[in-house]
Amino acid sequence: MTQTMHRETRVKARAARPPRRRGGFLPALGRFSLFALPGLLAYTLFVLVPIGMTGYNSLTNLNPFNPPTQFVGLRNYVNLLSDAEFHQALLNTVIITAIITVLANVGGLLIAMLLDRPTKLYVLLRGVFFTPVVLSSVVISVIWQAILTDDGLLNSALRGLGIDEPPGWLSDPDLAIYSIAWIMAWQMLGFCVVVYLAGLQGVPRELNEAASIDGAGPLQRFRNVTWPMLAPALTINVVMLLITGFKAYDQVRVITNGGPGNGTTVTMAFQVVQTAFVSNRIGYSSALAAVMLAIVAFISVVVLRFLQKREVSQ
Amino acid sequence: MNARPIVATFVGVVFFLPLYLVLVNIFKPSAAVVADPAGLPFPPTFDNLAAVLNRPDHLFTFGLINSIAVTALSVTVLTVFSAMLGHYLARSRHWAAKVVMGTLLCGLMIPVPVIMAPITTVLKWFDLMTTLQGLVLVNVGYYVPFGVLLFMGFVRGVPLELEEAAALDGANRFRVFWQVVFPLLRPASASVMIFLGVWIWNDFLTPLIVLGPDSGTTVTVGVYRAIGQYQSDFGSVFAFMFLATLPILVFYLALQKNFVKGLTGGAVKG
């Protein structure tokens, strides 16, 4: 008893008085340069300065092959409003994001509940679902391209089953964007499974047993016991998938390169990169990038806040 | 009657089908890939793997060397820099430390395409465009917030008394960090290395732009370059991908055990 009190006072005393440092400005500067500066310098040079440059360039008509560069104010942003390609890219990005968020979350939750057992079979299956998460999206894209392309493995199989004109999964302008979304959802599924499994393992068994004794059926138990306890897992998965969707680039570049037809699978990230590195319109690309960053920031902050509030209120 | 194992196995098999197709078709000649894509490779051929290793343009072998160099260097530098910075920020009581932390957190959500064009400008200032060093530096700058975030959480679990005791015994700041703190952060180092190793190995846009089309590239970008040439020769493409993925998969599986051990190791001390 006295010992605990003694310890408490000691802890309080330490909290009140910062630990003595071998003081002085020069040693502090030395510590900073040694421990903090290397990381901060790299971060400043390759993230902070570029962000500032993107912001500044978005107000100019910078094009290295078409000088002189002039300050154009908000003209790039105004032009965005009437840019049909941008509207299509925004719509495509929203479609992809919506599909992968719903598909990977619903699928991930169902599979996590299916695999929530400790025996070897289920541990092995967890590994199976997680494998695509560890693979490069380039690799995943190439695998699915081989499957979904017109004379690919899927259509060969369908023809074998007697379907003479199987769909052009990647060549049909109305279909390609959904194929891309499906591929991304397939890759992200394992991430959701693992996060939901961690959430399920945090649900106390007593709670479910108590609800069961009180006469709650499996659906009621899920609705009132398990689901509320999974709120933090849902937050992680939704935010992660929203951001992944809005960043979608690799799959488009590898599989369709924006086509088929006129930009039917162009995403915002893809348009940013193409405008900068193919059309060399750095100024306009920067305005696109700024809008994209604003959306991602909005999702990260607002959606995260909203979902976390929901966690608390449940 | 318990349907769970049957349903679970069935769903797992369907999900795994695309990866199965890769694994079996690596060992088949082109004709067999088209005729019978799902069948087992019998008798197996190693021509596809040999062709990738013996490419006259060395796309795979040079890419592999580049990937190993870039990933190993980036991850090592990142582990050291973010452990030091994370420790510094976690222990600092200066108000500026909070501002720095907030700025780093913002960096976590910035998508690469947003800063890609200016990154090339910065690299040109230092004449580092199309060099492996340039790519390593970009990786370090971009991923340092993630490392710092992870290390800061762990540093808070290291008792300050340990550092004070070492300082009383006459160790300077540098020795306190490297001989007392850093070894205790091993689980954090393992997680940082797993995550960043996998991410950097798998990166596509950054090496594609930074290394450019003329000089060599990484294996992951090599997969992208290879598909254009092979067209629909799936066996060769799959073999290329398989070999490009194998090193990072081995790295992941090897470190993952360590990672779990590190986590549970701390739990026993109580």
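Q: How many helices and how many strands make up the secondary structure of chain A?
A: In this predicted model, chain A has 14 helices and zero strands. A run has to be at least four residues long to count as a helix and at least two to count as a strand. Read from the N terminus, the elements of chain A are α-α-α-α-α-α-α-α-α-α-α-α-α-α.

Q: Why is chain A called more spread out than a compact globule?
A: Its radius of gyration is 26 Å, whereas the globule rule gives 20 Å for 314 residues. The value is well over the rule, so chain A is more spread out than a compact globule. Along the principal axes, the C-alpha atoms of chain A fill a box of roughly 80 × 65 × 35 Å.

Q: What makes a residue of chain A count as buried, and what percentage of the chain is buried?
A: A residue is buried if 20 or more other C-beta atoms lie within 10 Å of its own. Buried residues make up 37% of the 314 residues in chain A.

Q: Among contacts in chain A between residues at least 6 apart in sequence, what percentage join residues at least 24 apart?
A: The share is 72%.

Q: Which residues have the most contacts inside the largest nonpolar core?
A: They are Val142(A), Met292(A), Leu85(B), Val223(B) and Phe240(B), in a core of 151 residues. Membership requires buried residues of the listed nonpolar types, joined through C-beta atoms within 7 Å.

Q: Why is this core said to lie between domain 1 and domain 2 of chain B?
A: Domain 1 (4–42) and domain 2 (58–263) both give residues to the core, so it lies between them.

Q: With which residues is Val223(B) in contact, leaving aside its neighbours within four places in sequence?
A: In chain A, the partners are Val138(A), Val139(A) and Val142(A). In chain B, they are Phe240(B), Met241(B) and Ala244(B).

Q: How many residues does each chain give to the contact between chain B and chain A?
A: Chain B gives 63 residues and chain A gives 60. H1(B) supplies the largest share of the chain B side, twelve residues. By class, that side has 49 nonpolar, ten polar and four charged residues.

Q: What separates the centres of domain 1 and domain 2 of chain B, and how many residues from each are in contact?
A: Taken over C-alpha atoms, the centres are 34 Å apart. The contact takes seven residues from domain 1 and seven from domain 2. On the domain 1 side, helix H1 (4–25) and helix H2 (30–35) of chain B are the elements that give two or more residues. The residues of that side are four nonpolar, two polar and one charged.

Conventions:
Residues numbered from 1 in each chain as written. Chains lettered and ligands numbered in written order. Predicted model: local features only at pLDDT ≥ 70, side-chain atom pairs only at ≥ 80, totals over all residues. Domains from an automatic or database assignment. Contact = placed C-beta atoms within 7 Å. Nonpolar A, V, L, I, M, F, W, Y, C, P; charged D, E, K, R; others polar. Rg over C-alpha atoms; globule rule 2.2 N^0.38 Å. Buried ≥ 20, exposed ≤ 12 C-beta atoms within 10 Å, placed from the backbone.
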